[in-house]
Amino acid sequence: MNFILRYKKTILPGLLLSIIVAATAKFAAILLPQLGGATLAILFGIFLGNTFFKQSFLQTGTKFAESRLLEVSVVLLGMTVTFQTIAEMGLRGFLYIAFIMIGTILFAYQIGQKIGFNQTTSLLMAGGNAVCGSSAIASIAPNIHAKDEEKGQIITLVNLLGTVMMLTLPFLGQAIFGDNIIATSALLGGTLQSVGQVVAGASLLSEEIVQYAMLFKIMRIMCLALVVYIFTKIAVTPSDSEKLVTSSKRKLPLPWYLIGFLIFCLLNSLLPIPNWVSTNVKFISNWFETTALAAIGLRLNLMKFLQEGPRFILYGASVGLFQTIVAIVLIMLLF
């Protein structure tokens, strides 16, 4: 009981701050509907997290809000789509995701080596951008024996790159593809790094684009176990003692929230779900999303990233530009 009370005390400050920022963003969105609550939550979070709220005691709560609330939101999203909806992606959708992921991995790995990064850092960058940002990096890192410093640097780089792309790609997609919902959703769901960035970017446009963009994103996440396996084979073979440590840390082949999403999606596909249930699920999911996005902004340390130097900025910009161009070309060819 004492442990639970201590844990709550460490979580509450950062969690409450995230909720307050999210509520402020939702109120501000009434006055600035063209931006929306999701984007304002991240922007407010970045500003406040890099100015007034740098205190270390907030980190546990904002980390909880960023990870757990967003994961639960993804699970609840399963109640709003069906396998019939996923089937609408068709063969073209699967081919698009396959090509964009393979291209991103090969480019990020090769350009990283040419710029001067080691194999481990290049693999982390490739996996983080191709699959699901920080979650993919956290899954890949122990399997390729990445150092904590390497993992932290790439997580910072991927998060900042994803934030920039999250705020620009929705408008680029709308300018290029117009009212083509599938094409715009494919651009966002096929390129943005984290689940939160996909939700935030798509929220700038419409709820329908959020749903379809998440389907493209989920296709990428479902490839996580395969990517981890391949990267483990590519990485330098560890010693027997390192293998023992790694094997003891094995987790589920897929993130738990993806499994939860699929279960809810299955239930929604097979059973008639009352409208009042769907409405309340969407309301809760939206609040969790906005709170998590506020926490993502609060945790983004701009100074730490800038201290990494121009080489990191060049690496991130190169990979982001490659992803965007290839995605647009593939969408024009396939959709």
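Author: Start with a definition. A helix here is a DSSP run of H or I with at least four residues, and a strand is a run of E with at least two. By that count, the protein has 17 helices and zero strands. Keep in mind that this is a predicted model.

Reader: How much of the protein is made up of buried residues?

Author: Buried means under 20% relative accessible area. Buried residues make up 52% of the 335 residues.

Reader: Why is Thr104 called buried?

Author: The cut-off is under 20%. Thr104 has 1% relative accessibility, so Thr104 counts as buried. Its place is in helix 5, residues 90–115.

Reader: What does Thr104 touch?

Author: Contact means heavy atoms within 4.5 Å. Leaving out residues up to four places away in sequence, Thr104 touches Ala126, Asn129, Ala130, Phe322 and Gln323.

Reader: What makes Ile313 partly exposed?

Author: Partly exposed lies between the two limits, under 20% for buried and over 50% for exposed. Ile313 is at 40% relative accessibility, so it counts as partly exposed. Ile313 is found in helix 17. Ile313 and Leu160 are 153 residues apart in sequence, yet 9.6 Å apart in space, C-alpha to C-alpha.

Reader: Which residues of helix 9 and helix 17 meet?

Author: Ala183, Ala186, Leu187 and Thr191 in helix 9 meet Gln323, Thr324, Ala327, Ile328 and Ile331 in helix 17. By class, this contact has six nonpolar, three polar and no charged residues. The axes of helix 9 (residues 181–191) and helix 17 (residues 310–334) come within 10 Å and cross at roughly 145°. The crossing is right-handed.

Reader: Why is Gln197 called buried?

Author: Set its value against the limit of under 20%. Gln197 is at 3% relative accessibility, so Gln197 counts as buried. Gln197 is found in helix 10, residues 195–203.

Reader: Where does the side chain of Gln197 reach?

Author: A polar contact needs N or O atoms within 3.5 Å. The side chain of Gln197 reaches the backbone nitrogen of Gln193 at 3.3 Å. Not counting residues up to four places away in sequence, Gln197 also touches Val158, Asn159, Gly162, Thr163, Met166 and Leu192.

Reader: How many residues are in the largest nonpolar core?

Author: A nonpolar core joins buried nonpolar residues through side-chain atoms within 4.5 Å. The largest has 83 residues, and Tyr96 and Met125 have the most contacts inside it. Helix 11 (residues 207–221) gives the largest share of this core, ten residues. Apart from it lies another core of twelve residues, among them Val21, Ala22, Ala28 and Leu40.

Reader: What does Met125 touch?

Author: Among its contacts are Ala108, Ile154, Leu157 and Val158. Leu161, Tyr315, Gly316 and Val319 are touched by Met125 too. Residues up to four places away in sequence are not counted.

Reader: What is the phi of His145?

Author: His145 has a positive phi of about 60°, although it is not a glycine. Most residues other than glycine have a negative phi. His145 lies in the loop between helix 7 (133–144) and helix 8 (148–177).

Reader: Why is His145 called partly exposed?

Author: Buried would need under 20%, and exposed over 50%. His145 is at 26% relative accessibility, so it counts as partly exposed.

How values were computed. Residues are numbered from 1 along each chain as its sequence is written. This is a predicted model: local features need pLDDT of at least 70, side-chain atom pairs count only at pLDDT 80 or more; totals for chains, interfaces and linings use all residues. Side-chain values use heavy atoms; hydrogens and water are left out. Axes are lines fitted to C-alpha atoms, for helices over the stretch in contact, and angles run from 0 to 180 degrees between N-to-C directions. A crossing is left-handed if the near helix is turned anticlockwise from the far one by less than a right angle, and right-handed if clockwise. Ala, Val, Leu, Ile, Met, Phe, Trp, Tyr, Cys and Pro count as nonpolar, Asp, Glu, Lys and Arg as charged, and the others, Gly among them, as polar. Buried means under 20% relative accessible area, exposed over 50%, partly exposed in between (1.4 Å probe, protein chains only). A polar contact is a pair of N or O atoms within 3.5 Å; within protein, one must be able to donate a hydrogen and the other to accept it, and residues adjacent in sequence count only if both atoms are side-chain atoms.
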